[in-house]
Amino acid sequence: MTEERIGVYVCHCGSNIAGVVDVEGVAEWAREALKDRGVVIARDNKFMCSTLGQELIENDIEKEGLTRVVVAACSPHLHEGTFRTACQRAGLNPYLCELVSIREHVSWVHKDKAVATQKAKAIISGGVERVALHEPLEPLHVPIHSSTLIVGGGIAGIQAALEIADSGYPVYLVEREPSIGGHMAQFDKTFPTLDCAACILTPKMATVGSHPNINLLTWSEVEQVDGYVGNFTVTIRKKARYVNTDLCTGCGICEEKCPKKVVDEVFEAGLGYRKAVYTPFPQAVPKYPVIDVDNCTYFEKGTCKACEKFCPTGAIDFEQEDEVIQVEVGNIILATGFDLFDARRISQYGYGRLANVFTSLEFERMCNAAGPTNGEIVLRDGVTKPESVAIIHCVGSRDKNYNNYCSVICCMASLKFAHLVEERTGAEVYNFYIDMRTAFKDYDEFYQRVLEEGAHFVRGRVAEVTDAARMPGEEGKLIVQAEDTLIGKQRRIPVDMVVLAAGLEPRHDSKEVAHKFGISCSANGWFIEKHPKLDPVATMTEGIFIAGVAQGPKDIPASVAQGAAASARVLGRIQQGEIALEPVRASVIEERCSGCRICNNLCPFNAISFDEEKKVSVINAALCQGCGTCVAACPSNAITGTQFSNEQVLAQLNGLLMLNVANGHGAVTEAERVPA
Amino acid sequence: MKYGYYPGCSLERNAKAYHQSAMAVAPLLGLEFVEVEDWNCCGATEVIAVDQMAAYALIARNLALAAEQNGNGHLVAPCSACFLNLSKADHYMIESPELAEKVNTALAAGDLHYEPGTVKTSHLLQVITEAVGLEAIAEKVTKPLYGLRVAPYYGCLIVRPGFEKKYDDYEYPTVLDDLMKTLGSEVVDFPLKAHCCGGHMTQISEPVAMELIRRLLHNAAEYEADLIVTLCPMCQFNLDAFQDNVNKYFGTDYHIPILYFTQLMGLAFGLSPDELGIGTEFVSARPALDKILSEAPTKEKPKRPPKEALPMPSLGGEG
């Protein structure tokens, strides 16, 4: 029998628990039946998490000399911290408090009151057995490095970088492409206000480029991340630009003289050309061009060097090599954005086959005054203005064959396209939609405006886009066939141009990136936040934050908000100077470790490494999040976890099994009760 | 390579030319087709619509026979409807042990039993393009079909067994296009390639059937195809035998021959039209086949697109 003095507190959670579990009966049972197992007090309360409920515990610790506390309430995800802090206030080590769930595990999943009540008792019994074996633990304090790494120079990453840098802390902003700006830099107008995208974005880009606290690393990629929250060491590859940025003035002569023209698949979305030496767009930050070695004549054939010959400052350097650098940072924000759904995958829409079918991103470039057509809306021949345009919504979104989710931005982007077509060409516009989704500020007003401008809306998913004319008037047109579900009829609408509002997809390498940074992706490939509502920019890995579309489809305002939110979280950390880490950690008992390394790759947080000298696995306590995967996986029981040792878990199981819960009928007689 | 061969009813009657040409081409490709003995009708599209249980039993009898007679369990069906029915019955029997049990109770009356999943059914086109392959086919071509403009028509049944591993792209398949190019012919981009030929609508609703057939003929004519090549007896029959009806119904004047892909393969391999059943079609293929050139037509250099033209999307995916 334990010598501990244990208090048991059973929560009603209003009617959440009390509606199904006889809470008062459970408390009374704990008082009587668990007396000989160390329980000296058992109480119930309408809301244990309320100040009154917490004070109940604190008073009992002080007056009754409790040494252990079991709270039977909701999931530890919600209130473990609350009750631990209450214990701490009363002078009890917080880790001597155990929260067992009789809401998520009992009242919310059972209907039979008798069985639910019995199961609540069993769960409390398990908690009592376990808590007796708890040990007082002290949190781990680690210093926080004041530098921050931000990956991705789109609007979310830019916003985060500026917030942190403006607060006086250093930022490394890593961008894969030659310039920052992301997808937003490709757009012409932004909904619903029709602000010019460049006009509102480029000032921010310029600020990033010249900010004394921002170290901008474009044309660079993160290769490796080591360390843990507060103390990451990040290895970054700066790809060779073949341009000496100390000498380059960004005059653009190299680009002008380069004889090699290639289709720009990235910035121009395939709709326009660039040279083999290029800056993606005039306002690029930084202004320095890069040489695309796959297309450069010199790299292909060994001759040309036109850029070198004409460069007035001798900045072209064909001998330049990739540079690998290491930086120390305390926190990391991932704002890696999205790829556009590849519309070729829906072959019946004809993209890639029918010349006048365009993707939304191609259309953005077409509308952009600095784009391939100088903002003229024209057919693929580059000359003819369309007289009628169809915009197909939900291409690759809300479709179980491709992506089941809504891509969020396409309805509003399509409305913007409809407006621009109307404004610039006077053409008839047909929107083919499933549902119009114009939530958020001023969005529905914009929808009303476009309706009033005379755009047509056909509710129905498009079956196909074809050039096979069937009826008079269809010759030479693209025919969009759809079921109009509002009139219940098939419609064939001949148009000159089709724009596919392609959905947003996670970056093609999002899973690798997630693995590199030790975070997780959802089944769809988006980075997973710590909590979908209450912690949307943190991840389960301490010190790694996410922002923008990388976390899930969202528009510019939401991306900016997330960038700012993530930076606020990082700044809070930096200002504290150090961080207390949960002492719930796994550790290796070296004498038992056989060096099999099974645990090494299982760790989702990259916390386990192998000591080649000692031939044993080593767990980095700061990286470990206490998930227990390695403890369970170790074939020689060489890994133990504080707060989840084998002894503690077995004691809890033992406690659970002391009561017979289910007899198949629901009714539980006293006679069935296994005596404690 | 040896395969069980399930001809289906059509190949004994209206699609004799398909059977004849398939049998003529097969040995040249190293394929041996052994007809399943005592096979019965697959029920086409009708039986399954009336009584599913009876339909599956009817189909499964053929699978049972094929499994019994043919060691390697690979069955080939030239008819798209047969291919679909055989695959479907097998698939649903694997999926539902209850259905398999009922079917086998029925089969037991004829001392037969079928273990779901033991026979793999392929369409003839699949065997030719996948098991033989385009490279091997190219080697056999002695009289390329130079200058012949072909509209490849797949119909709806071969590409849409949605429950199976997807066979080509079911909205815009290209495997028959590739085969026809291998034979030296010119392939037109036929937008209606996977649209319906009307099936048995000719017996149910004349206006519907006539319109569905007209669209296909009209589209092929628009693209200046010399002929339409098919892989399904139903498609061939509707487009060929009803072409005259369509012309009368709409006052049009289409003369587009409809041939089986095996017939064109045979021609390219140097076989005579008679050996391939050419001449048995309603709309004579002679005028079209006379256009075949002995030399490869000199290809016009693709014109440089005008300076202001925008580039077409690349073939690869993004990112």
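In chain A of this predicted model, strand S11 (residues 220-228) and strand S12 (residues 231-238) pair in the antiparallel sense over 8 bridges. Gln224(A) has Thr235(A) in S12(A) as its bridge partner. The hairpin that S11(A) and S12(A) form has 2 residues between the strands, and Gly230(A) takes a positive phi near 90° there.

The C-alpha trace of chain A spans about 90 × 65 × 45 Å along its principal axes. Chain A has 676 residues, of which 49% count as buried. Among the contacts in chain A with a separation of 6 or more, 71% are between residues 24 or more positions apart.

In chain B, helix H8 (residues 175-182) is mostly covered, with 6 of its 8 residues buried. These are Val175(B), Leu176(B), Asp177(B), Leu179(B), Met180(B) and Thr182(B). The elements of chain B that cover them include those in the table.

| Element of chain B | Residues |
|---|---|
| Helix H6 | 124-132 |
| Helix H7 | 134-140 |
| Strand S5 | 149-152 |
| Strand S6 | 186-187 |
| Strand S7 | 227-230 |
| Helix H13 | 261-268 |

After H8(B) comes Gly184(B), with a positive phi near 100°.

As for confidence, chain B has a mean pLDDT of 92, and 97% of its residues reach 70 or more. For the complex, the predictor gives an ipTM of 0.84 and a pTM of 0.84. Where pLDDT is low, the predicted coordinates should not be read in detail.

Note on methods. Residues are numbered from 1 along each chain as its sequence is written. Chains are lettered from A and ligands numbered from 1 in the order in which they are written. This is a predicted model: local features need pLDDT of at least 70, side-chain atom pairs count only at pLDDT 80 or more; totals for chains, interfaces and linings use all residues. pLDDT is the predictor's confidence in each residue, from 0 to 100. A residue is buried if 20 or more other C-beta atoms lie within 10 Å of its own, exposed if 12 or fewer, and partly exposed in between; C-beta atoms are placed from the backbone. Two residues are in contact if their C-beta atoms, placed from the backbone, lie within 7 Å. Two strands pair if DSSP finds at least two bridges between them. Helices (H or I, at least four residues) and strands (E, at least two) are DSSP runs, numbered from the N terminus.
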